[in-house]
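Here is a short briefing for a reader who is new to this structure. Please look over the sequence and the model before reading on.

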Amino acid sequence: MKVTIYDVAKEANVSIATVSKVINNTGRIGEKTKRKVLDVMEQLDYQPNMMASALMGKQTKTIGLLIPDLANPFFSELARSIEDRAHEFGYNLVICSTDYQTEKENKYLALLKRKSVDGFILASGFEDLKKVEELVKEDVPVAIVARDLPMFSINTVALDDFMGGYLAASHLIELGHQNIGVIARDVWSNRERLRGFKQALEESNLEFSQEFEYINEISHVEPGKNMTTKYLKGKKPPTAIFACNDLLAIGAIQAVKAQGMSVPEDISVVGFDNTLIATIVEPPLTTVAQPIQHMGREVLDLIISMIKGEKKEKMRLTLLPSLVTRNSTAINRNKDLKEKLENL
């Protein structure tokens with residue numbers, strides 16, 4: 001049974017008006033009483049009805065953004081884009097980094113609800129779909145960015161990740177690479193990129209010959225380095241690597257160099273996202289570009305429309321990726337890379 005404001009008031013032995021003032025941070029409430037009410041709310045797992053507050057004109061001009069990893073340049077650039085757009089509308093953005101952990105997702109959702117944010121933006125990597133379903137059923141303003149959840153009627157701004165993987169593979173195939181390693185994490189976006197990658201191989205009558213496995217760690221430089229090292233020590237080292245984000249790609253470049261080889265002369269590397277670091281790594285990284293700025297503006301516009309009650313129908317926008325060619329890929333001239341590695 002859903003906990004109500006009446007339950008909180010009864011348990012805290014205060015009036016409903018006092019609980020309301022604590023929730024909305026209005027009026028003069030003693031610190032001891034405020035702390036008592038907040039403790040009871042946490043104990044009972046009470047979630048204020050955000051939509052009801054909004055209808056009563058109690059908007060806080062604040063939007064909660066939950067992202068999996070603020071240290072990943074893609075998510076930091078996306079957050080900045082959303083924040084800049086929110087500022088144009090006079091809204092503040094509260095950013096929470098969940099580290100792909102459902103426990104943190106639930107914690108931050110509960111916290112932001114208690115803060116009476118006007119809406120939520122959930123970025124790729126949000127794993128607790130039951131919580132998403134709860135938000136939809138509660139008719140809370142919520143939008144998804146950088147992934148798709150077709151099972152829900154929800155505002156969405158996603159990338160065609162399948163096409164992104166397809167573009168990466170097609171580029172490497174055109175350069176004569178047939179034996180390509182992939183570095184990916186077992187999350188929705190990476191699974192779609194891998195699916196597109198395999199489709200391009202299949203259309204060129206090529207097999208995915210590497211012994212592939214998803215990495216378990218968060219997609220930073222070190223896992224990319226470790227997986228590439230594992231590929232290079234395998235029975236048939238790849239002549240190219242496709243990494244499902246730019247950080248993993250940088251790890252791949254570091255691993256190639258650590259083996260006494262070079263990029264792209266010995267091994268080509270393709271990343272994904274086209275973040276700032278793709279332009280400053282050596283060599284500059286060929287990567288699949290996401291329209292990060294466009295993505296951030298679109299999802300913010302959708303959530304603002306919901307908060308203002310302007311749009312009742314849900315929008316699902318799918319943006320297209322593009323390939324940005326730099327110096328980390330080249331024509332394959334290494335037919336027997338294993339022999340070359342053994343001679344180093």
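What is the accessible surface of the chain, and what share of it belongs to carbon and sulfur atoms? The accessible surface comes to about 16,300 Å², and carbon and sulfur atoms account for 48% of it. The model is predicted.

**Overall build**
- The chain contains 14 helices along with 11 strands.
- Taken along the principal axes, a box of roughly 80 × 35 × 35 Å is filled by the C-alpha atoms of the chain.
- Of the 344 residues in the chain, 52% are buried.
- Among contacts with a separation of 6 or more, 73% are between residues 24 or more positions apart.

**Charges**
- The chain carries 43 positive and 46 negative charges.
- The mean positions of these positive and negative charges are 6 Å apart.

**Cysteines**
- A search of the whole structure turns up zero disulfides.
- C96 has a relative accessibility of 7%, so C96 counts as buried, the cut-off being under 20%.
- C244 is buried because its relative accessible area is 1%.

- K235 sits in a loop that runs between the helix α10 (221–232) and the strand β7 (240–243).
- With a relative accessible area of 76%, K235 is exposed, since the cut-off for exposed is over 50%.
- In sequence, K235 and E211 are 24 residues apart.
- In space, K235 and E211 are 9.7 Å apart, C-alpha to C-alpha.

Notes:
Residues are numbered from 1 along each chain as its sequence is written. This is a predicted model: local features need pLDDT of at least 70, side-chain atom pairs count only at pLDDT 80 or more; totals for chains, interfaces and linings use all residues. Side-chain values use heavy atoms; hydrogens and water are left out. Helices (H or I, at least four residues) and strands (E, at least two) are DSSP runs, numbered from the N terminus. Buried means under 20% relative accessible area, exposed over 50%, partly exposed in between (1.4 Å probe, protein chains only). Contact means heavy atoms within 4.5 Å. Accessible areas come from the Shrake-Rupley method with a 1.4 Å probe; for residues, only the protein chains shown count as cover. Lys and Arg count as positive and Asp and Glu as negative; His and the chain ends are not counted. The place of a charge is taken as NZ of Lys, CZ of Arg, CG of Asp or CD of Glu. A disulfide is a pair of cysteine sulfur atoms within 2.5 Å.
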